[in-house]
Amino acid sequence: MLTLLFPTAAMAGVNVEGVRIWPAPDHTRLVLDVADKIGHKVFALSGPSRLVIDLENTTLKADFDKLDLSGSPVKRIRSAPRNGNDLRVVLDLKSDIKPRSFQLEPNQQYGHRLVVDLIDEGGLKARKPSEPTVTENANGKRDIIVVVDAGHGGEDSGAIGPRGTREKDVVLKMSKTLAELIDAKPGYTAKLTRTGDYYIDLRSRTVLARKHNADLFVSVHADAFRTPQPRGASVFALSQRGATSETARWLAKTENRSDLIGGAGGVSLDGRDDMLAGVLLDLSMTASINSSLGVGDSILGRLGNVAELHKKGVEQAAFAVLKSPDIPSVLVEAGFISNPKEEQNLSSAWYREKLSQAVFRGIDDYFQKTPPPGTLLAWQKQNGRGDGSVSQYRIRRGDTLSGVARENQTTVSELMQYNGLNDDRVMVGQTIRIPAS
């Protein structure tokens with residue numbers, strides 16, 4: 001039995017006023033809205049699997065029966081008074097979990113909260129590294145893997161606009177659109193760090209990128225400021241100061257030494273002495289930051305055609321989510337959600353599509369010039385078969401042949417003839433060739 005003890009609450013009684021649950025692939029987060037800090041104890045039991053939460057001097061005002069438990073390891077939640085003034089909450093579970101709990105101070109959206117995480121220890125560690133994806137008819141050359149990270153999620157709403165628009169919702173929608181655009185281009189595959197409304201801690205986001213053998217990591221956010229005036233999109237890469245601290249962290253953690261440097265394959269630190277490992281990490285981190293600045297500049301150039309820019313150059317900061325020593329990583333601030341006009345824009349699917357197209361065109365511009373070895377784009381460039389001589393497009397949801405023709409300044413009849421089509425019907429995932437203009 002694992003027992004977690006926490007400080008005793010003040011003498012005044014505390015109410016549990018609300019409850020939320022956020023299922024994620026490797027954990028489920030249960031959040032109790034409480035009126036003040038609360039003394040509590042959490043412990044797990046087996047045979048059958050249960051989690052017990054004892055709350056001191058507490059009264060239940062929320063209704064556990066209204067919770068949607070689908071997608072979580074929780075079968076049922078029951079509660080009863082205990083020792084007169086205390087409250088016991090019992091979660092009947094489908095399998096054993098590892099509990100973790102902590103309290104959160106009030107923020108822009110919620111008051112005091114007690115957070116209980118039900119951790120599936122098999123979670124992220126059980127995920128095997130992805131096999132290289134190969135586009136149809138790509139002569140065995142692998143795709144470029146772009147991991148798209150929607151910031152925040154679950155209990156972490158991110159910034160909130162004047163009209164109540166939540167950053168976590170906007171960036172998830174934009175990330176899904178960006179991933180669709182990436183997948184539509186032969187030679188590319190997109191992976192999302194989160195596909196729903198749940199939170200992933202910052203380190204786990206970079207771990208996921210490594211599991212996917214990413215060539216690029218793009219984290220999508222929407223900025224905020226204490227006043228409504230600031231506006232404009234930004235792109236960030238890791239600062240050198242952040243790189244220095246990250247090198248030290250990696251060298252200090254022995255489990256990192258067996259990880260690869262270089263995304264889809266590279267140098268292992270396993271068995272290296274500290275001096276050599278430090279040199280290898282510094283070289284890898286410097287190369288990653290330089291690549292990040294390059295792709296960031298390319299994205300910024302495209303964003304400037306469709307949106308106002310907050311700064312003209314790529315900014316650098318020590319964002320934890322950018323601190324992968326082996327994967328070029330950028331953070332895109334789509335705009336200031338605290339600005340009423342930009343909040344309205346970011347709430348629009350049309351505007352998010354425009355931003356996503358600009359981000360992907362910037363990514364593609366960069367990789368067309370500097371494609372990773374072994375990829376379809378590298379093979380096309382080497383053989384003079386890049387975008388200038390032949391272009392392909394992978395049909396995505398909502399596409400029509402007439403729309404593809406209009407986007408590529410050609411006609412439906414030309415596309416049908418060029419691809420040997422009998423009619424203008426196309427299927428999602430189908431790859432078609434675009435005649436050179």
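I started at T193 and D149, whose side chains are joined by a polar contact of 2.6 Å. For me a polar contact is a pair of N or O atoms within 3.5 Å; within protein, one must be able to donate a hydrogen and the other to accept it, and residues adjacent in sequence count only if both atoms are side-chain atoms.

Ground rules: this is a predicted model, where local features need pLDDT of at least 70 and side-chain atom pairs count only at pLDDT 80 or more, while totals for chains, interfaces and linings use all residues. Residues are numbered from 1 along each chain as its sequence is written, and side-chain values use heavy atoms, with hydrogens and water left out.

Next I placed T193: the loop between strand 12 and helix 3 (202-211) holds this residue. Helices (H or I, at least four residues) and strands (E, at least two) are DSSP runs, numbered from the N terminus.

Is T193 buried or exposed? T193 has 5% relative accessibility, so I put it down as buried (under 20% relative accessible area, exposed being over 50% and partly exposed in between, 1.4 Å probe, protein chains only).

I then listed what T193 touches (heavy atoms within 4.5 Å), not counting residues up to four places away in sequence; among them are V147, Y198, R205 and F217.

I found six strands in an open, mixed sheet, in the order 12-11-13-18-14-17; strands pair if DSSP finds at least two bridges between them. Strand 12 (188-192) and strand 17 (315-317) stand at the edges with a single partner strand each, so one side of each has no neighbour in the sheet.

Strands 14 (234-238) and 18 (329-336) pair antiparallel over three bridges, and I saw V235 opposite V332 in strand 18.
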